[in-house]
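Please look through the sequence and the structure shown below before reading on. The briefing then takes up a few topics one after another.

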Amino acid sequence: MNITEKILARASGKTQVSPGDVVFVNVDKVMVHDVSGPGVLAVFEKLRKKGMVIDKVWDPERVWVAEDHFVPAADKISAQNIVLLTNFTKQFGIKRHFKYGMGQYGICHTLSHEEAMVLPGEVYVGGDSHTNTTGALGAFAAGLGHTDVAYVLLNGKIWFKVPETLFFKINGKLPDHVMAKDLILKIIGDIGTDGAAYKTMQFGGPGISEMSVESRLTLTNMTTEAGAKSGIVEPDLKLREYLAARGVTKYDEVHGDADAQYEKIYEYECSEMEPIVAKPFSPENTAVARDLSSVELDKAYIGSCTGAKLEDLQAVAKILKGRTVKIRTEILPAAMSIFRKAMDTGLLKIFMDAGVVVGPPTCGACCGAHMGVLAKDEICISTTNRNFPGRMGHVESQTYLASPLVAAASAVTGKITDPRDLK
Amino acid sequence: MQPFHKIKSIATPLDKVNVDTDQIVPKQFLKLIQRTGFGQYLFYDWRFEKGTPRKDFVLNDPAYKNSKILLARDNFGCGSSREHAVWALDDYGFKVIISTSFADIFYNNCFKNGILPIQVSDETLQKLFSTKSEIEVDLEGQSIIVDNVPILFHIEPYRKKILLEGLDDIAVTLLHEDKIVIYERSHKI
């Protein structure tokens, strides 16, 4: 069995599972945020009306809550939803609630790794499509709808059909001007936005061993954009060090067997990679950044669970140091812990000297919620993960998805720019 | 949920690929916490311009008023996992969605809300897009009847049962998980 099959087998108390099997798995962790949380509570309300008594969740210790989409409260309704979440965690005794304005908080997927909320070998589900991100920690991580999350909150279980796995063997080392974002955009461009529908995308090989945990998280984050059920990377020394730095050393790793089966194996050579950009209006609509150097931009957005981790901000700082931006540029670190490290290591000064505005952690304009959404016909280069029509604001705005290096270089020139071409 | 009976209706052709859940219900409506009433926001940015219905959008064509079947293109329901998208389709009146492929989370969410998503071949979809007559969907017989010709479709047995009997997925799985696994295994294709 491969790692995904072994995790699902263990969680369902079986010795063997195969793709296509239906398994009821015990869930280790479940997450809701300020959009899915109120959605789940609406499902609870519906069940109550049918006479179901809901006065506890299956295990408050395994539930955690993030405030990310509409914080800082974008309007009165968002503010009300935060109150709703606060009452929910209080009522059900859920202690892990990361609150805006009370120390550590941020985008849910970022907290999952920054706070080591999920550990290798675990089954983790969340009320958000990018829950796949956390698979880079060697866990089975998948997004669910509100009704399914409600079910998990009540019972601690959920059924899955064991997915087929596509294995992406990554060779070589990424050149300095290329990031994991370029690699995953390249892959999505190759296989399409439904190329991995109901499948797991597993990343491995020497190129992954070379890659930092944060880079791997960029890969798994965007498996969602290929339609994948989940994304996963097997645990290794780098992951153990990453978790140890967060005070966690005890967990039960799962690794694939030597004869693990995959539906298909793809190979990518990192050293041949170039900066890639996804044009509007789909992540699969990719092009080499250099071929888009005539595209004029109105704005650069550096944020989200995909593109505002510490490593992403460091890449941006490398470009912006000693330069100034030519277009409106926003940087929103993905969590307070990252914001603080950016401050402590002098990155914020570089950003502000460059003329950039630095904002609080939030999903913000990535999902078009608030904090710098786009006007009609505005063109933005963004380190985020989606560029469907209207994703970041007006339905006739345009978003180009890029790596933090390309976004920063483009902010400096006002046009889509390969970092190698920056003077 | 209401048991799923045969549905006969004109089908609304939405001729776009990769329709993501943000097109189905734009993000500005996600803050609303009630589960009902989302139909008015369905395809909002395509359907309305400054609050006025856009004549060029298919849902505003009087020919498709009261349609219960939506025809869609590849990868329908991709993007955000928001279940509001399914709530809006249901509230608007769509009970069946037919496409060549669906995004995974959206597909699952449909069954939780009594909507039948049917996956068909390119050829079948093309036939459905080109017909002007009513389409009948028979879940029991797993067929789409168009111009008196039945076209069979596949659905997982457990999901078929849930819809036919109008069972609440949460309640059923709670009671019958062992049976479901055995049932699915015995009907595996």
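In which loop of chain A is the place of Gly372(A)? In this predicted model, Gly372(A) has its place in the loop that runs between strand S16 (357-358) and strand S17 (379-382) of chain A. The points below begin with the surroundings of this glycine, and then turn to a helix, a pair of helices and the contact between two chains.

**The surroundings of Gly372(A)**

- If residues up to four places away in sequence are not counted, Gly372(A) touches Tyr301(A), Glu330(A), Gly364(A) and Ala365(A).
- Between Gly372(A) and Leu347(A) there is a separation of 25 residues in sequence, and in space the two are 21 Å apart from C-alpha to C-alpha.

**Helix H11 of chain A**

- Helix H11 (residues 310-320) of chain A is largely enclosed by the rest of the structure, because eight of its eleven residues are buried.
- The buried residues of H11(A) are Leu310(A), Asp312(A), Leu313(A), Ala315(A), Val316(A), Ala317(A), Ile319(A) and Leu320(A).
- After H11(A) comes Gly322(A), which has a positive phi, near 75°.

**Helices H6 and H8 of chain A**

- The axes of helix H6 (residues 180-191) and helix H8 (residues 213-221), both of chain A, come within 9 Å of each other and cross at roughly 25°.
- Since angles under 35 degrees count as roughly parallel, H6(A) and H8(A) are therefore roughly parallel to each other, and their crossing is right-handed.
- On the H6(A) side the contact is made by Ala180(A), Lys181(A), Leu183(A) and Ile184(A), while H8(A) brings Ser215(A), Thr218(A) and Leu219(A) to it.
- Sorted by class, the residues of this contact between H6(A) and H8(A) are four nonpolar, two polar and one charged.

**The contact between chains A and B**

- Where the two chains meet, 43 residues of chain A are in contact with 38 residues of chain B.
- On the side of chain A that touches chain B, at least two residues each are supplied by strand S1 (22-26), helix H2 (36-49), helix H3 (76-92) and helix H5 (146-155) of chain A.
- H5(A) gives the most to this side of chain A, with six residues.
- The side of chain A that touches chain B is made up, by class, of 20 nonpolar, 16 polar and seven charged residues.

Terms used: Residues numbered from 1 in each chain as written. Chains lettered and ligands numbered in written order. Predicted model: local features only at pLDDT ≥ 70, side-chain atom pairs only at ≥ 80, totals over all residues. Axes fitted to C-alpha atoms, helices over the stretch in contact; angles between N-to-C directions. Helix = DSSP H or I, 4+ residues; strand = E, 2+ residues; numbered from the N terminus. Parallel < 35°, antiparallel > 145°, perpendicular 65-115°, else oblique. Left-handed = near helix turned anticlockwise from the far one by under 90°. Contact = placed C-beta atoms within 7 Å. Nonpolar A, V, L, I, M, F, W, Y, C, P; charged D, E, K, R; others polar. Buried ≥ 20, exposed ≤ 12 C-beta atoms within 10 Å, placed from the backbone.
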